[in-house]
Each structure stands twice: as C-alpha cells, then as structure tokens.
Amino acid sequence: MSQTLLVTGANGQLGRRVVDLLLAQGAGPLLVTTRHPEKLGELRARGVEVRRADFDAPASLAEAFAGAARLLLISTDALDRPGRRIAQHRSALEAAAKAGVRHVVYTSLTNPGPGSPITIAPDHQATEDALAESGLGATVLRNNLYTDFLVASLRRALATGQLVAAAGDGKAGYVTREDCARAAAAALAADFDGKRVLDITGPAAVSQRELAQIASAVTGKSIDYVPVPGDALEQGMQKAGIPAAMATLLTSFDEAIARGTLDVTTRAVEELTGKPAEDVRSYLARHRAALLAPVEA
C-alpha cells in the first residue's frame, strides 16, 4: 500500500539525496518542503510536489505537511542563536501532528544526552524528547560524524605532514553522508509505525592516529598525528580565521571523540537498507584525488 512521504529541507545535500533515492525506488507519492521552492523545479518536473515551508513561521507548517503519512524531519541549520533550532523542530512536530502525519523520522546525533560536550547536542536531545512526547510514531536516526568531512582535514594534514586534533586516543564511528541518506530513505519508506532509536554509523570506530595511518597508506604521503589540548586547537582555528562560534563547535566534536561519546558502531545501515555501510579506508581511497588536491590559501 502506497503512502505519501514528505522530506523537509529538500534543498540541502542530505535531503536532496534522500529524495533521489526514493524516486529511484519508486516510493511515494513524494512531497518535499523547502524555504526556496524555486530552486527545486527539477524535482517538480519529476513528479514531486514541492511546497514552501518556513520553520520560523509555525502557522504555515500544518498546511505544508498536509496529506503526508510519514515525514522526514532533517535537523535545520539554524545555529545563529541559542534555542532557535529547537523552537523550529517543536513547531514542525506540532504541525505534523495537526496535519495527520503518523510517523516522523528525525536526523539526530550520536549520544546527544547531558553527557555530550558537543555544543549542538542539547538541540537534538530536546527534539528527541519532544518527539517522544508527541504521540507520533518515531524513528530517531542518530547519525555519527560524516566521513565526508575528513577529506578537508586530511588534505590539510597531507600538505603539512601533521594531523592536529584534540581528540586524544578516542574514536568515532564515521559514516558517509550517502549511507545516512540511504538509511533515512529506507526508514521513511518503511512500514514501521512504533518508536525506535537507531545509531547510524560506519562499520568500525576509528581514531585520529588511525586516520593518519589510513590517509598515509592511501596517498603514499606520510602524516603524523599531533594531539593537542582543546583550548589550543580552538585558539589556533580562530587565528586561522574560523569564527569563534564555529571553532568552539568543532573543538567540542574533538572533545566528544576524546571522551568516547562518538565511539559507537552498529549494523543499522545494513539492517535498514540491506547493504553494509562503507568503511573509512574505502571512502578515502575513492577520494584519493581530492585528498591530494592543493590546499586553498
């Protein structure tokens, strides 16, 4: 039995990939929402209904979500002021309930509870709490760190011969954006109507030292791992021109790795999709040319 599926944030990288995967599977009918419908004309041409949704305008959301049976709520990028993102997410969940949505799939973060040092973790935990209290069916996908982001940091490390991080000897269950998209598409199109929390990870947790070794083996260029204190890393990023809030956020991820907060691996990707998650070595080998590309000044 077909059910109408809705993807929020369809103009973002993750949302757009989820939609492409659903279209390839013949799932749907499909609805998508975005702040900028004019940018998704190509999806409209492929039979997707594109609607405008502004998460800062709660009154508009119930109409935007109308007719959807299952909804993928991709966490927004509203990090400019504390509390804005959780307010957006709560508005979306209230609107989903009013619109008659039966099940919400939410993209969260590994171990977002009070013990997490990651500065954005409270937004995710609060959203998970709101979803649990909403009465809606729920699948929470706790995505680990994107393997994709390693390319930029390892490119710089290859240029200098040093991978500098404040992660100590901790590990993370790096997962590709593609695997997160595959998991989200599968969860959205599934028949599951209860409540579940799934950790979306790669097949093995990897430390910074191991990342340096893998990148060295893949490229043939030597990298040493240089662990530093968190405050030194944060100050260094600010001196390099990274805005203070972003430097704090990035450092908090390293602290989470050091504490073991992100040292989580599961087979959830394979269980949802039938295909195992890609490991870090395989991903970096496929992106060897990008790793060796010149570092922009």
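Tutor: Two strands pair if DSSP finds at least two bridges between them, and strands (E, at least two residues) and helices (H or I, at least four) are DSSP runs numbered from the N terminus. The model is predicted, so local features need pLDDT of at least 70 and side-chain atom pairs pLDDT 80 or more, while totals for chains, interfaces and linings use all residues. Residues are numbered from 1 along each chain as its sequence is written, and side-chain values use heavy atoms, leaving out hydrogens and water.

Student: Which order do the strands of the open sheet follow?
Tutor: Its seven strands run β3-β2-β1-β4-β5-β6-β9, with parallel pairing. β3 (49-52) and β9 (195-200) each have a single partner strand, so one side of each lacks a neighbour in the sheet, and they stand at the edges.

Student: What makes β1 and β4 a pair?
Tutor: β1 (residues 5-7) and β4 (residues 70-73) are joined in the parallel sense over three bridges, and the requirement is at least two. Within this pairing, Val7 has Leu72 of β4 as its bridge partner.

Student: Why is Thr251 called buried?
Tutor: Its relative accessible area is 7%, and buried means under 20% (exposed is over 50%, partly exposed in between, with a 1.4 Å probe and protein chains only), so Thr251 counts as buried. Thr251 lies in helix α10 (residues 244-259), and, leaving aside residues up to four places away in sequence, touches Gly230, Leu233, Glu234 and Met237, where contact means heavy atoms within 4.5 Å.
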